[in-house]
Amino acid sequence: MRASRLISLVLLLQSRGSMTAAELAAELEVSERTVYRDVEALSAAGVPVYAEQGRGGGYRLVDGYRTRLTGLSREEAEALFLAGLPGPARDMGLADAVAAAELKVLAALPATLRDAPERAGQRFHLDAPGWFGESGPPPLLRELTGAVWRDQVVELRYRRDREVVRTVEPYALVLKNGTWYLVARVEGGPARAAGGGHRTYRVDKIVAVRPTGAVFDRDEGFDLPGYWREQAESFLRSMLRERITVRLSPAGMRGLRYAVEPYAARYAAEAAGEPDADGWVTTTLPVESPAVALHELLRLGADVEVVEPAGLREEIAATARRVAALYR
């Protein structure tokens, strides 16, 4: 998000000549303090932007400076046209903006690279949603997209066991296996004072979004990919909170990653003891519940044996007897 804003700032100065911090803040819909930080970042990156003091002053670029798309290799040019997923961009209301940006990039490319979008489009198609998810984006996705772009503080009504109201700073939207999530910092919450306060909300459980009219200053040190990795791991650990003991054949160990969550398969591989004379290993497997484990482990057939708990072992044995009777 910040990279896009920095480019917009340069293009504004390039097209208008000179603008004050207040004018830039209004145009970019951020605070003046954010503009000051962005100008410093551009200067550090080598963009020749400077400030003129006094009446009629403001920020401007050194005369003659223009941004150009130069030095792109074929691989880089083709990768540009894979950067945006058309489905999610459409869901967020950004399809027209993405199409316009692609046309501008295409116009700036040398003639030898003009076939980049066609080559990329005929070689790669990125279909993000899962097979059996609900069709269509969540109703409030576009409103949240606008708030994320503009750094607008919003009030959410969120449905869990009951409806709750939160005033949040919307940092980012994440699409995970066909489900949209909002990453936001809770305004004034106790966790924020401790240096964090970011939380994750399922967008389809948000029932109302109301802009408060305020904008917020982003924590530029916030690492969205790192935060999401940590949240995903934490979610899996909380979901797979029970442990069972199993024996697995070599084929069972190889097939485990297709039967259970990747986190559980990795955990079991790391906890596995030494193989016995037949190659079987005993290990600990994280599961959501014995009932879920029953259905997961049946996929491995005779290549897995539950050692503990005894109740799950008996249930699998009973299921095997019913299957054998059915095919007798």
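Predicted model: local features only at pLDDT ≥ 70, side-chain atom pairs only at ≥ 80, totals over all residues.
Two strands count as paired when DSSP finds at least two bridges between them. One spot to look at is L182, whose bridge partner in β7 is Y201.

Zooming out, β6 and β7 belong to an open sheet of 5 strands, laid out in the order β7-β6-β5-β4-β8 with antiparallel pairing. The edges go to β7 (198-202) and β8 (206-215); each has a single partner strand, so one side of each is left without a neighbour in the sheet. On average, neighbouring strands here are turned by 45° against each other, ignoring direction.

Helices pack onto this sheet as well. Helix α8 (residues 141-150) touches β4 (152-159), β5 (163-176), β6 and β8, and its direction makes about 85° with that of β5. Helix α10 (residues 224-239), for its part, lies across β5, β6 and β7 and runs at about 70° to β7.

The crossing is right-handed. On the α13 side, the residues involved are P290, A293, L294, L297 and L298, and they meet L312, E315, I316 and T319 in α14. Sorted by class, this contact has 7 nonpolar, 1 polar and 1 charged residues.

Note on methods:
Residues numbered from 1 in each chain as written. Heavy atoms only, no water. Left-handed = near helix turned anticlockwise from the far one by under 90°. Helix = DSSP H or I, 4+ residues; strand = E, 2+ residues; numbered from the N terminus. Contact = heavy atoms within 4.5 Å. Nonpolar A, V, L, I, M, F, W, Y, C, P; charged D, E, K, R; others polar. Axes fitted to C-alpha atoms, helices over the stretch in contact; angles between N-to-C directions.
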